Amino acid sequence: MAEYKLLLPSMGEGVMEATIITWLYNEGDTVNEDDSVVEIATDKVDSDVPTPVSGKIVKILKQKDEVAKVGEAIAILEVAGEGNADITAEASVAATATVIEPEVEKELMQPIAAQTVAADSLSGTDLYLSPLVKSIAQQENITEAELKSIKGSGLEGRITKEDILAYLSNRGNAATTTTPVVAKSAPVSTPTSTIPVAAGDEIVPMDRMRKIIAENMVKAKQIAPHVTSFIETDVTNVVKWRNKHKAAFEKREGEKLTFMPIFIKAVVKAIQDFPLINVSVDGDKIIKKKNINIGMATALPDGNLIVPVIKNADQLSLSGLAKAINDLAYRARNKKLRPEDTQGATYTISNVGSFGNLMGTPIIPQPQVAILAVGAIVKKPAVLETPDGDVIAIRNLMFMSHSYDHRVVDGSLGGMFLKHVHDYLQNWDLNTEV
């Protein structure tokens, strides 16, 4: 038998370490190839780590609440063969963690004042923090002095997530001698309040994913002044075109042809017309994005939300978009997304029509400056202009809602962009190739 070192895999650019949340197997247990063996947490995402080989866990090297570096051994497995077997670079890539929570883009992380905790500010001291606890401390502007006052319940007295959250819940009631300095644009946490609980009420704690979503939604509204424009679009040609091609497309490609590739194609064309929609804001600077990466809001079976990203959507055909959309949606719902699959969006589309809703007012995901919501397609009587006069006909109509960041997108730009998306869809060419 041979020993095999299971290494902490790469989890995307900028992620260098993770905290062990819990082991799904114990020492002595047998695991099969691709089994998830441990849950980990970085400062932005929770993941499962699978094993690329089958074998028996003979030694767990990193315990609950301990921190491991990317590429560091976290367990030793006994596998068939002779000698020692260290994980190879290829196997490390194959064992990339599976995302089960949305990732916050790097551009969201604003500088924190010197008095607050930064990733390297505690080096040389006896205070040790996991990446997750560091992130919470940064976002809540907790000083080093405050952290030293928290009694840790983790391994060797380390501060755990539960410890720091418990401290925060009582922070407002305790007098502190140090006033944290909040940097401009620093992330703001979700406010808490005490709600009366009546007999029979059920208290359901938020899971980690819902906490991240809640924090990001509050942060997004606090950062960007939202304006929303609406338009009703006649998508009868789109419906006719899809009905004409969907059976042949599925037979040819083995993929379903939904409306989303068409919507994304129209959005991409409108972005090319109005590139100032494809930007981010950094203080008093506007960053114009070269690539057009479309985020696609996806509801998960547990009711949470994740936004996988179609990279370079302007370079894909309708067929390519359909395949990319189906692949990302499938992997999102089956917890098989990679961290990079949720990074880098420059514009997002949310299909509220999939729930039967006519329209919505979506929240702009930071650091983007706009988001489109498409509603349900409904047959309605509509007035059509013809050479012989106006007539009433049954048409397929759909509302679209465009929310944009009024710091950099004025009503004229936001409205013209939406009108161009409308025009591309309403005038969809029935001879378009797929």
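The following legends describe close-up views of a predicted model.

**Basis of the views.** Residues are numbered from 1 along each chain as its sequence is written. In this predicted model, local features need pLDDT of at least 70, side-chain atom pairs count only at pLDDT 80 or more, and totals for chains, interfaces and linings use all residues, while side-chain values use heavy atoms, with hydrogens and water left out.

**Figure 1. Overview of the protein.** The secondary structure comprises nine helices and 21 strands; helices (H or I, at least four residues) and strands (E, at least two) are DSSP runs, numbered from the N terminus. Of the 434 residues, 47% count as buried, where buried means under 20% relative accessible area, exposed over 50% and partly exposed in between (1.4 Å probe, protein chains only). Among the contacts with a separation of 6 or more, 68% join residues 24 or more positions apart; a contact means heavy atoms within 4.5 Å.

Figure 2. Helix α8 (318-333) has 16 residues and spans 22 Å from its first C-alpha to its last, close to the 22 Å expected at 1.5 Å a residue. The expected span is 1.5 Å times one less than the number of residues in the helix. Leu-318, Ser-319, Leu-321, Ala-322, Ile-325, Asn-326, Leu-328, Ala-329, Arg-331 and Ala-332 are the buried residues of α8. Their cover includes the helices α6 (236-253) and α7, together with the strands β14 (294-296), β15 (298-299), β16 (305-306) and β17. Just after α8, Lys-335 adopts a positive phi of about 55°.

**Figure 3. Packing of α6 against α8.** Two packed helices are described by the angle between their axes and the distance between the axes. For α6 and α8 the angle is about 70° and the axes are 13 Å apart; axes are lines fitted to C-alpha atoms, for helices over the stretch in contact, and angles run from 0 to 180 degrees between N-to-C directions. The two helices are therefore roughly perpendicular to each other, given that angles under 35 degrees count as roughly parallel, over 145 as roughly antiparallel, 65 to 115 as roughly perpendicular and the rest as oblique. The crossing of α6 past α8 is right-handed; a crossing is right-handed if the near helix is turned clockwise from the far one by less than a right angle, and left-handed if anticlockwise. Trp-241, Phe-249, Arg-252 and Glu-253 of α6 meet Leu-318, Ser-319, Ala-322 and Lys-323 of α8. By class, this contact has four nonpolar, one polar and three charged residues; Ala, Val, Leu, Ile, Met, Phe, Trp, Tyr, Cys and Pro count as nonpolar, Asp, Glu, Lys and Arg as charged, and the others, Gly among them, as polar.

**Figure 4. Crossing of α7 and α9.** The axes of α7 (residues 260-273) and α9 (residues 411-426) come within 9 Å and cross at roughly 135°. That angle makes α7 oblique to α9, and α7 passes α9 in a right-handed crossing. On α7 the contact is made by Ile-262, Phe-263, Ala-266, Val-267, Lys-269, Ala-270, Ile-271 and Asp-273, and on α9 by Phe-417, His-420, Val-421, Tyr-424 and Leu-425. These residues divide into ten nonpolar, one polar and two charged.

Figure 5. Pro-9 lies in the loop between β1 (2-7) and β2 (17-23) and counts as buried at 0% relative accessibility. Its C-alpha atom is separated by 5.8 Å from that of Val-70, 61 residues apart along the chain. Ala-376, in the loop between β19 and β20 (378-386), counts as buried at 14% relative accessibility. Ala-376 and Val-352, 24 residues apart in sequence, are 7.1 Å apart C-alpha to C-alpha. Not counting residues up to four places away in sequence, Ala-376 touches Gly-353, Gly-356, Asn-357, Leu-358, Leu-397 and Met-398.

Figure 6. The peptide bond from Gln-366 to Pro-367 is cis, with omega near 5°, and Pro-367 is found in the loop between β18 (347-351) and β19 (370-374). Asp-65, a residue other than glycine, has a positive phi near 75°; Asp-65 belongs to the loop between β6 (55-60) and β7 (67-69) and is partly exposed, with a relative accessible area of 21%. Asn-312 likewise has a positive phi, near 50°. Asn-312 lies in the loop between β17 (309-310) and α8 and is partly exposed, with a relative accessible area of 25%.
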